[in-house]
Every structure is written in structure tokens, then in C-alpha cells.
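Student: I've got this model open and I'd like a close look at one residue and what's around it. Can you walk me through it and then work outwards?

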Amino acid sequence: MNEINQEKPRLLDVGAGFGELFIDRAKAEPNKNFIVFEPLGFPDQELPENLTWIKGRLTDQESLPFQDGSIDGVILNFSLSTIYADYSGSDQEFGEYLQKILTGVLRVLKDGGEMVIREERGFCLNILEPGLNGLGVDFVITPAKEQDLSLTGQEMLADYYFDPEKNHDSLPLQVVISKTGFAGSANPQKSQ
Ligand SMILES: C[S@@+](CC[C@H](N)C(=O)[O-])C[C@H]1O[C@@H](n2cnc3c(N)ncnc32)[C@H](O)[C@@H]1O
């Protein structure tokens with residue numbers, strides 16, 4: 001288990017890229033712990049003291065090296081579509097895989113905590129939403145707010161504004177999943 005000060009709120013960014021989102025927030029909010037979980041190595045800059053960088057990849061329910069219910073909030077900012085792009089199975093198989101890895105994220109989230117996922121509209125509605133319906137969690141989908149977007153999200157938004165008809169699917173959406181009421185098992189497919 002990673003030893004991180006348990007007294008401050010702990011926020012986790014899964015698939016953070018170069019970590020810009022959390023590096024900036026960690027500097028602005030020294031009273032919180034920021035944790036990056038990302039397959040890539042450290043960025044080429046000094047990290048704030050309240051930011052922990054863990055090199056790792058989400059592959060199953062146990063990938064995240066944290067105790068159950070020990071994280072206050074999680075963000076997956078355009079990371080699930082990258083995992084989808086790397087996945088070799090069918091969309092239906094990916095739906096089951098998605099439920100497995102998100103069950104692992106929900107495991108580490110405390111009760112009442114929130115998981116925020118931002119992705120392109122097409123991915124959210126065609127891939128993510130059916131997977132979440134199968135997982136049995138409470139969630140809300142809204143347009144992503146421009147001020148909350150990473151560089152990746154801003155590029156998608158710019159693409160949408162460039163040609164809204166043609167690129168309708170690239171409008172970023174935000175999915176907020178509340179852990180409240182989550183009664184999922186470690187293997188949601190078999191629990192039904
Ligand atoms: C499109 S980038 C988004 C980066 C950043 N979150 C942002 O908003 O700019 C997707 C990120 O997901 C990471 N990634 C890919 N597969 C992953 C996995 N299985 N577990 C965690 N992160 C993964 C990639 O290394 C990459 O940094």
C-alpha cells in the first residue's frame with residue numbers, strides 16, 4: 001500500500017498523462033493530497049510535495065494500490081477511451097472489461113465519494129453509458145465545462161466548434177458517478 005498522509009482529502013487522477021491537471025491543483029490546494037496513477041513516467045518538472053506519482057496501469061479490480069474506501073474523489077480524464085483504443089476485443093467484451101476496471105476504481109472510493117469521467121460525446125453515449133447501466137451505479141451526464149477541461153479536452157472542444165455538424169461526437173461530456181448506493185460485486189457480470 002502506498003503511504004500517503006491519511007488526514008488530508010485524497011484525490012486520484014487515473015491516466016493523467018503529463019499530470020498538468022493535478023500539478024496545477026496541487027500547487028493551488030496544499031491542504032489536499034493529489035495522486036496520479038499513470039503508465040508513463042514522471043514529467044520533466046519538480047512535483048509539488050502534496051502530489052504522489054504512481055506508475056501503473058488499470059487492468060483489473062486490484063490494479064489500484066489503495067485500501068478500500070480510502071480515496072475521496074477520482075477523475076478519469078479522457079483515459080477510458082485510450083484504454084478502449086488499446087483493447088483488442090469486441091465492444092460487448094469491452095463493456096464487461098470496463099465494468100471490471102470501474103469496479104476496481106469504485107472499490108477504492110469512499111462511500112459518498114464521486115468519480116468524474118470526461119470523454120467525447122460518442123464514446124460516452126455509445127460505450128460508457130451502456131457499461132455503467134450494467135454496473136448499477138447512480139450517474140449523471142452533462143456537457144463538460146470548458147474551465148474543467150485538460151488540454152486534451154480543449155482540443156476536442158475546439159474540434160467541435162470548428163465544425164459542429166461533422167464533429168458532433170467530439171463534444172466533451174462529463175459523467176459524474178456517485179458511489180452512494182453502489183451495490184456492485186467484484187464481478188458484476190456474474191452477480192446478475
Ligand atoms: C488521452 S490521454 C489523457 C491524458 C490526460 N488525462 C488529459 O486529460 O490530458 C490518455 C492517458 O491514459 C493513459 N492510459 C492508457 N492506458 C491506461 C491504463 N490501462 N491505465 C491507466 N492509464 C492509462 C495514457 O498513458 C495517457 O496518459
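Where does Y84 lie?

Tutor: Y84 lies in helix 2 (helices are DSSP runs of H or I with at least four residues, strands are E runs of at least two, and both are numbered from the N terminus). Before going further: this is a predicted model, where local features need pLDDT of at least 70 and side-chain atom pairs count only at pLDDT 80 or more, while totals for chains, interfaces and linings use all residues. Residue numbers start from 1 along each chain as its sequence is written.

Y84 counts as partly exposed, because it has 16 C-beta neighbours inside 10 Å (20 or more other C-beta atoms within 10 Å means buried, 12 or fewer means exposed, in between is partly exposed, and C-beta atoms are placed from the backbone). Setting aside neighbours within four places in sequence, Y84 is in contact with F94 and I127 (contact means C-beta atoms, placed from the backbone, within 7 Å). For a sense of scale, Y84 and T52 are 32 residues apart in sequence, and their C-alpha atoms are 26 Å apart in space.

F78 is buried, because 21 C-beta neighbours sit inside 10 Å. Its backbone is worth a look too: F78 has a positive phi of about 60 degrees, although it isn't a glycine.

Helix 2 also takes us to the ligand. There are 18 residues around the ligand, and the closest are G15, G17, L58, S150 and T152 (a residue is near if its C-beta atom, placed from the backbone, lies within 6 Å). The elements giving two or more residues to that shell are helix 2 (80-86) and helix 5 (151-162). By type, the shell splits into 8 nonpolar, 8 polar and 2 charged residues (Ala, Val, Leu, Ile, Met, Phe, Trp, Tyr, Cys and Pro are nonpolar, Asp, Glu, Lys and Arg charged, and the others, Gly among them, polar).

Over in helix 5 you'll find L151. L151 is partly exposed, because it has 13 other C-beta atoms within 10 Å. L151 and I54 are 97 residues apart in sequence, with 21 Å between their C-alpha atoms.

Strand 4 and strand 5 run parallel over 6 bridges, and in strand 5 I71 has L109 as its bridge partner. Strand 5 (residues 109-120) then pairs with strand 7 (residues 172-178) in the antiparallel sense over 7 bridges. Bridge partners there include Q174 for R118, V176 for V116 and I177 for M115. Strand 7 also pairs with strand 6, antiparallel over 6 bridges. In that pairing, Q174 is the bridge partner of T142.

D24 belongs to helix 1, and D24 is exposed, because it has 12 C-beta neighbours inside 10 Å.

Last, the core. In soluble globular proteins, nonpolar side chains tend to be buried together. Here the largest nonpolar core has 38 residues, and F22, V74 and V105 have the most contacts inside it (a core is a set of buried Ala, Val, Leu, Ile, Met, Phe, Trp, Tyr and Cys residues joined through C-beta atoms within 7 Å). Helix 3 gives the largest share of this core, 6 residues. Click on V74 and, leaving out residues up to four places away in sequence, you'll find it touching L12, V14, V105, L109 and M115.

Notes: Two strands pair if DSSP finds at least two bridges between them. Two residues are in contact if their C-beta atoms, placed from the backbone, lie within 7 Å.
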